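Me: Please take one part of this structure and go through it closely. Then place that part within the rest of the model.

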Amino acid sequence: MLEKMIFGRYVPGNSFVHRLDPRSKLLFVFLFIIAVFLADNTATYALLLVFTLLVIFIARIRLYFLFNGLKPILFLIIFTLLMHFIFTKEGALLIDWKFLKIYEEGVRQGIYISIRFLVLVLMTTILTLTTSPISITDGMETLLNPLKRIKLPVHELALMMSISLRFIPTLMDETDKILKAQLARGSDLTSGTVKERIRAVVPLLVPLFVSAFKRAEDLAIAMEVRGYRGGEGRTRYRQLDWQLRDTLVIILFLLLVAALIWLRGGN
Amino acid sequence: MDISLQQVGYSYAKGTPFEKRALYEVNASIRTGSYTAVIGHTGSGKSTLLLHLNGLLKPTEGVVRVGDVSITADTKAKELKKIRRHVGIVFQFPEHQLFEETVEKDIMFGPLNFGIPEEEAKQRAHELIRLLGLPEDVAQKSPFDLSGGQMRRVAIAGVLAFKPSVLILDEPTAGLDPRGRKEIMELFTKLHKEEGLTTILVTHSMEDAARYADQVLVMHEGRSVMAGTPEEVFGDADRLKSFRLGLPRSVAFQHNVEKLFGKQFGTLALTEEQLAETIAEALKEEGER
């Protein structure tokens, strides 16, 4: 039932984006998230949107698949959009229908914020769709390595991240199984009052937590048994390899920022 | 309740890159009061098949008929709940579904969901605790304080509590010790006879299929490839082998004996008891000569 969720999933492929070094992708996505906040007018937001769609195209991800998988998040975006329509009361009055008053600024702000949100979600989803969790963690660890000097537990953080990413699908499957078992016992999540529906989640969450804790314990023991002692002196099987295309991605990013600053209205 | 499947097909995650076909044109019919074993290699579609029998999955093609309700790709969710009232499933490792504060409350969860009055549900919970051989004082304990075997029994009680007329068992004894395994299988047989249940057992154990079932359905790579009485199915060792399935131990033993003695016994020994009888008879005959 949850098999359509794609947030945090990896789909193997061989596109340009798939083959990039995880470091360049991570760096790009991280800086992109900051750069998104440079946008402040129609031209810059349009540029961001077009750029993101271009990346989806290059990564050879089917649009239908992407949007279908992000449905729950799209609802959130539409909700923000509506909130802006209703509650921002600036600029010229566009629609005045009974108690509903929609203002120009509300529409503009709503669309801007929605695009910003959408672009952020899409870009991070592309990252996880095209990069295996292990590469993401490797990339993250290498990028953060300099911070070891200020006693940041980089290896431990990377490990925590890879474990959480690794267990997303497992927990999803588990949720699905427990959901089916409770449905078979007549539990009903899709009808009844809000209060009833919230109460119907309990039979799902309790077993899920129990099994998550059990898994965590088993994993800790299994790691200990195999002599895991943290990052000190640990060598790597997969070596990261920075190529020309990765430098190109960084140059592309700089160009995007330059274009954003140039098109920007400023205040 | 009669159950029938006609040309049932199912794909997981239809319309995404993860799409995976699990069932192809499955046909089967299960009569009221029968005990059917579904056997097949890992990944043959057994578990997917049984999810169709109480509407947890809707077929992407074909029709599943349970009693007088038909399930197709566009059956409404409300219809499905009606079916679930009559079809209980004991999933693999059912103890993972326990969640309530006390054993009693957990067993009552199903009955209360299906609108059985609280007093009656409570009474059933206590009956089942006794029936499943759990100590009486377990009712007020947390299910998480019990041993693995006891948790399994509580979870099974939670399904039996709403008195389904069809009982589906997905490897109900996986991970139990031999004694617990036998006790639970015998309990299901007893219930099957006394309550007139229609029982469907999904299992890896050829011995269980041969001993308990009166009808065997063989699944292979998402298709239903063989169906018949245990004698018919286990009598065709070559075909079973082509589906990567073996024979019950007693049948395999009988074949070896037949080979060594160079003679055929008339009947197929589906259980150790039958095997002992067959061999004893053969020896007696030999002695009389």
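Reply:

The buried residues of α3(B) are covered by, among others, α9 (194-225) of chain A, together with α4 (118-131) and α5 of chain B. Helices (H or I, at least four residues) and strands (E, at least two) are DSSP runs, numbered from the N terminus. A residue is buried if 20 or more other C-beta atoms lie within 10 Å of its own, exposed if 12 or fewer, and partly exposed in between, with C-beta atoms placed from the backbone. Residues are numbered from 1 along each chain as its sequence is written, while chains are lettered from A and ligands numbered from 1 in the order in which they are written. The model is predicted, so local features need pLDDT of at least 70 and side-chain atom pairs count only at pLDDT 80 or more, whereas totals for chains, interfaces and linings use all residues.

Of the eleven residues of α3(B), nine are buried, so the helix is mostly covered. The buried set is Val103(B), Glu104(B), Asp106(B), Ile107(B), Met108(B), Phe109(B), Gly110(B), Pro111(B) and Asn113(B). After the helix comes Gly115(B), with a positive phi near 80 degrees.

In total, 28 residues from chain B and 21 residues from chain A take part in the contact; two residues are in contact if their C-beta atoms, placed from the backbone, lie within 7 Å. The largest share of the chain B side, four residues, belongs to α2(B). By residue type, that side of chain B divides into 17 nonpolar, eight polar and three charged. Here Ala, Val, Leu, Ile, Met, Phe, Trp, Tyr, Cys and Pro count as nonpolar, Asp, Glu, Lys and Arg as charged, and the others, Gly among them, as polar.

With its neighbours within four places in sequence set aside, Ile168(B) is in contact with Leu50(B), Leu53(B), Asn54(B), Val87(B), Gly88(B), Ile89(B) and Ile200(B).

**The sheets of chain B**

Six strands of chain B form an open sheet in the order β6-β7-β8-β3-β9-β10, with mixed pairing; two strands pair if DSSP finds at least two bridges between them. At its edges are β6 and β10 (223-228) of chain B, each pairing on one side only. On average, neighbouring strands in this sheet are turned by 20 degrees against each other, direction ignored. For such angles, axes are lines fitted to C-alpha atoms, for helices over the stretch in contact, and angles run from 0 to 180 degrees between N-to-C directions. Within the sheet, β7 (residues 166-170) and β8 (residues 198-202) of chain B run parallel, joined by five bridges. Ile168(B) stands opposite Ile200(B) in β8(B).

An open antiparallel sheet of chain B has four strands in the order β2-β1-β4-β5. β2 (20-30) and β5 of chain B stand at its edges with a single partner strand each, so one side of each has no neighbour in the sheet. β1(B) and β2(B) pair over seven bridges, with Ile3(B) opposite Ile30(B) in β2(B). β4(B) and β5(B) form a hairpin with two residues between them, and Gly67(B) in the turn has a positive phi of about 60 degrees.

**Chain A and confidence**

Chain A comes to ten helices and two strands. Of its 267 residues, 19% count as buried. Its mean pLDDT is 87, and 96% of the residues score at least 70; pLDDT is the predictor's confidence in each residue, from 0 to 100. For chain B the average is 91, with 99% of the residues at least 70. The model scores ipTM 0.89 and pTM 0.76.
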